[in-house]
Structure formats: structure tokens, C-alpha cells
Amino acid sequence: MRKVNFAFFLISLNVYSQVGINTSNPLGNFHIDAGKDNPVTGNTLSNAQKDNDLIILANGNMGISAINPATKLEINSGTITLPSDGFKLNDGTEGIGKVLISDDNGSAHWLLHPAQKIYKGVMGAGLDIDISISSYTFNSANYGVGFYQTGSYIDLPPGKWRVKIDLVIPYLADTGSTMSQDEWFWLRTTLSDNGASNPSTPSADLVDNSRWASEVFQGPGPLVANGNKFAMINGNLIVNNSSANIKRYYLLAGGFTRSNLSIPGTLEKMGGAQWQDNKLTAYAIEQD
């Protein structure tokens, strides 16, 4: 009978007393001093002593390097002048430039935030397009024809992106001939996964009915001696890079619809760096 009572006494003592690991002076219901460097009496710890401690208080608050946690989890790591990461979550959604976001149930994961980093494209040499050449003609039944490389591109990390396309349409008349006031052409631009093929197909990553950024150019055109006549394409394409890697998207131009097939003139270095108004800019879109 004495043996049973003694065991019961020990169990009660363990349940209701504070527990310390590597310390005989626990400052909470559960206290680990991983560095075995805490004082044996008192409740004052130096920053160095706190750095290797974990504590759980009677109210359930847990502190890591924090002896008096004010929330359910408090982590002290580094200082303003010498910051240090105090948290790491590897769940498969992590990546450069992502933030921790919760769903409706409070489950958290990493995600690119729409107000985060803006990506800028690289403008290449551009493409001289003879408007009257039939190989640039738009084919609604086959998007793999009519579009050619401009030499420009943009690199995008995984995620969904709004790619803003700002491009000069630089029309240059042929010697001895130019557009009349009744002539016009509709020029399309798009993005491709393939930077080597001509013609090339729009990327399968283009989503939400977003395939073209385009503009109609209306005559009359200038004489050659008067130089270029300009218009602008200002459009947006939605790209969903569902891969796990940064992906390069190449700028294509072409896909003409024309008032007739013999419009004279050339688009000079279309989509290239010569025209400083030309830009490819990508903004992250919040995921569903």
C-alpha cells in the first residue's frame, strides 16, 4: 500500500510542477535550456542565455528565444542591426520573392503577391516586316503561321502574370509608294515558348482568352523622305507559368489582317530596342 501511494505522489508531482530540461530553474510550465547556461536562481537571463531557450507558459504561449511570450508563438531572432531568419517552411510552394498567405481555413502556404516584384523584358534587335509578304498573314485556323521572332523576351518565375506590352509600330513607306488613306492593316503580337523557330506558335501558357496584343494602323502613310509614321500597341497578355522553374517567353510579331494584300511599306525593327518606348513588363497576379 505504501508503494502505491508513493507512485501516486510522484505522478501528481510531475503533473502539477514545472518541468525543466537542462535547467534546475524552469521559468515556465515547460522550459528547455538547450545551451545549459541559465542561472540556477532568479528569473533574469541574458540575451545569449535566452537565444538557446524554449519555453511554454501556463497560458499556453510558447517562446523560442523569448522567455515571456505575449502570443501563442513568439520567436526572437536577430536584431534590427543584425537580422537573422527565425522561421523556415519547406512545403513545396516556397520560392524566391514569395510571401506566406493563408486560405479561408487559416492553412498557410507560399505565394507570389500581386503587389510584389515587377519583371522587365529584354528588347532585342527587332524585326523588319514587309507588310505585303503573305507569310505574315493571320490564319485563324492555324496560329503557328504568320508570327516571327523579334529578338525580345521576358523571363518569368512560376505563377500567373499580367504581361504589359508597349510597342511602337514604326511604318516606313516604300520608295515611290506609300499607304493611301483607305488602306489599313491590323498587326498582332504574342509570346512564344520557342525562341528558335520561324514562324512560331503562341505559348500554351497564355490564358483567360489572352493571346494577342494588337493595333490597327490606318493610312495614309508618309513619303520616304518624311521618315516613319508611328502608332502604338498597348496591350496585356495573361501568362500562367505552371512549371517549377523560371521560363523565357519570346516576343513574336506579325499575324496581319489587311485592307488588301499589296499595302506598300515596312515595319522597321518592329519590337526592338531601337524604339525606346518599347517595353515588356510583368506583374504578378494573385492566385485563386
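Ring pairs link Tyr-136, Tyr-148, Tyr-171, Phe-185, Phe-217 and Phe-256 into a cluster; rings of Phe, Tyr and Trp (its six-membered ring) pair if their centres lie within 6.5 Å, and planes under 30 degrees apart count as stacked, over 60 as edge-to-face and the rest as tilted. This is a predicted model, where local features need pLDDT of at least 70 and side-chain atom pairs count only at pLDDT 80 or more, while totals for chains, interfaces and linings use all residues. Residues are numbered from 1 along each chain as its sequence is written, and side-chain values use heavy atoms, with hydrogens and water left out.

**Ring pairs**

- By the pairing rule, the count comes to 13 aromatic pairs.
- Take Tyr-119 and Trp-161: they pair edge-to-face, with 5.1 Å centre to centre and 85 degrees between the planes.
- Tyr-119 belongs to strand β8 (residues 118-120) and Trp-161 to strand β11 (residues 159-172), so this pair ties together parts 42 residues apart in sequence; strands (E, at least two residues) are DSSP runs, numbered from the N terminus.
- Tyr-119 and Trp-161 are both buried, meaning under 20% relative accessible area, with exposed over 50% and partly exposed in between (1.4 Å probe, protein chains only).
- Phe-147 and Trp-212, by contrast, are stacked, at 5.0 Å centre to centre and 5 degrees between the planes.
- Here Phe-147 sits in strand β10 (residues 147-156) and Trp-212 in the loop between β12 (184-192) and β13 (213-218), so the pair ties together parts 65 residues apart in sequence.
- Phe-147 counts as buried because its relative accessibility is 0%, while Trp-212, at 24%, counts as partly exposed.

**Charges over rings**

- Arg-188 lies over the face of Trp-186, 3.9 Å from the ring centre; the rule asks for NZ of Lys or CZ of Arg within 6 Å of the ring centre and within 35 degrees of the ring normal.
- Over at Tyr-153, the charged end of Arg-248 sits above the ring, 3.9 Å from its centre.

**The core**

- Setting aside residues up to four places away in sequence, Leu-267 touches Phe-185, Phe-256 and Tyr-171, among others; contact means heavy atoms within 4.5 Å.

**Thr-281**

- Thr-281 is found in strand β17 (residues 279-284), and it counts as buried at 12% relative accessibility.
- Beyond its neighbours within four places in sequence, Thr-281 contacts residues including Tyr-119 and Ile-154.

Note on methods
Helix = DSSP H or I, 4+ residues; strand = E, 2+ residues; numbered from the N terminus.
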